[in-house]
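Open the model in your viewer and keep the selection tool at hand. The tour below goes from one selection to the next and says what is there.

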Amino acid sequence: MHVAVGQFAVTPDWKENAQKCVSLMAQAREKGAALLVLPEALLARADGDPDLSVKSAQPLDGPFLQQLLGESVGNQMTTLLTIHVPSTPGRAINTLVAIRGGAIIARYAKLHLYDAFSVQESRLVDPGDCVPPLVEVDGMKIGLMTCYDLRFPELALSLAQQGADVLVLPAAWVKGPAKEHHWATLLAARALDTTCYVVAAGECGNKNIGQSRVVDPLGVTIAAAAEAPAMLFTEIISARITLAREQLPVLRNRRFAPPQLL
């Protein structure tokens with residue numbers, strides 16, 4: 001399966017961001033990608049207003065997603081991204097959506113909110129309350145995660161035990177001391193924990209690190225971006241998953257089931 005990862009800096013203008021997503025979707029489709037992963041919280045961002053993503057929240061049938069759904073009509077490429085969806089007045093849910101063929105085929109409300117490193121996502125965002133479903137793409141099963149979820153191995157293990165071959169992670173990983181090291185280490189760790197591919201897309205504005213990556217089931221980075229806008233293309237090979245699970249049968253050898261998340 002050919003996958004693409006689109007890394008870009010989100011602007012304060014949702015219309016501009018929608019057009020950028022549409023452009024990346026067209027590029028990925030032209031290159032033959034079956035799966036495109038975009039970053040987290042794509043409606044709007046501004047360095048001087050950390051709440052703009054929530055203030056700009058739109059429903060799933062709003063104009064931002066309608067543009068992306070229109071671009072997806074007539075082809076079978078699956079695109080994954082997150083936006084903020086209104087919940088109660090002044091609050092929102094950080095929602096990952098999978099779109100294909102002009103429709104939303106899956107959604108996931110972010111479970112683990114980023115209340116760490118002096119940031120409090122839960123101040124304006126409501127958490128999800130269920131483990132996301134798997135999505136099938138080109139015969140492979142895709143597990144959905146969002147950004148801070150990466151620090152919680154229980155979710156990755158739960159998805160792998162459901163049968164995931166690939167874990168996808170839209171993200172906006174905040175800059176800070178050693179944060180790039182945390183990112184790279186955790187992506188490799190979740191791949192090794194689960195013997196899944198990990199496909200992670202990072203937002204690359206002034207406050208976030210970018211550094212999108214694709215990591216194989218043995219923890220090897222097979223595609224990577226730096227801090228600038230970029231488009232990654234690579235191939236996910238089912239035989240590589242089979243080999244990893246023969247050599248490193250951690251899912252079969254596990255003595256304890258992952259703790260129940262909810």
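Begin with the buried residues of α4 (153-162), which pack against β5 (103-109), β10 (140-144), β11 (166-171), α5 (179-194) and α7 (250-253). Helices (H or I, at least four residues) and strands (E, at least two) are DSSP runs, numbered from the N terminus. Contact means heavy atoms within 4.5 Å. Buried means under 20% relative accessible area, exposed over 50%, and partly exposed in between, with a 1.4 Å probe and protein chains only.

Before going on, note that this is a predicted model, in which local features need pLDDT of at least 70 and side-chain atom pairs count only at pLDDT 80 or more, while totals for chains, interfaces and linings use all residues. Residues are numbered from 1 along each chain as its sequence is written, and side-chain values use heavy atoms, with hydrogens and water left out.

**Stop 1: helix α4**

Select L155, A156, L157, S158, L159 and A160: these are the buried residues of α4.

Two packed helices are described by the angle between their axes and the distance between the axes. For α4 and α5 the angle is about 40 degrees and the axes are 9 Å apart. Axes are lines fitted to C-alpha atoms, for helices over the stretch in contact, and angles run from 0 to 180 degrees between N-to-C directions. To see the contact, select P153, A156, L157 and A160 in α4 together with R190, D193 and T194 in α5. The residues of this contact divide into 4 nonpolar, 1 polar and 2 charged. Here Ala, Val, Leu, Ile, Met, Phe, Trp, Tyr, Cys and Pro count as nonpolar, Asp, Glu, Lys and Arg as charged, and the others, Gly among them, as polar.

**Stop 2: helices α1 and α3**

Select residues 14-30 for α1 and 63-72 for α3; they pack at about 15 degrees, with their axes 9 Å apart. The two helices are therefore roughly parallel to each other (angles under 35 degrees count as roughly parallel, over 145 as roughly antiparallel, 65 to 115 as roughly perpendicular and the rest as oblique). On the α1 side, the contact includes W14, N17 and M25, and on the α3 side it includes F64, L68 and E71. Its residues divide into 9 nonpolar, 4 polar and 2 charged.

**Stop 3**

Which loop holds V10? V10 is in the loop between β1 (2-7) and α1, and is buried, with a relative accessible area of 9%. Leaving out residues up to four places away in sequence, V10 touches N17, A41, L42, L43, A44, R45 and E203.

Select A41 next, in the loop between β2 (35-37) and α2. A41 is buried at 3% relative accessible area. Most residues other than glycine have a negative phi. A41 has a positive phi of about 60 degrees although it is not a glycine.

Last, go to S56, in the loop between α2 (52-55) and α3. Is S56 buried or exposed? S56 is buried, with a relative accessible area of 17%. A polar atom of the S56 side chain lies 2.9 Å from the backbone oxygen of L52. Beyond residues up to four places away in sequence, S56 touches L43 and A44.

Definitions and conventions:
A polar contact is a pair of N or O atoms within 3.5 Å; within protein, one must be able to donate a hydrogen and the other to accept it, and residues adjacent in sequence count only if both atoms are side-chain atoms.
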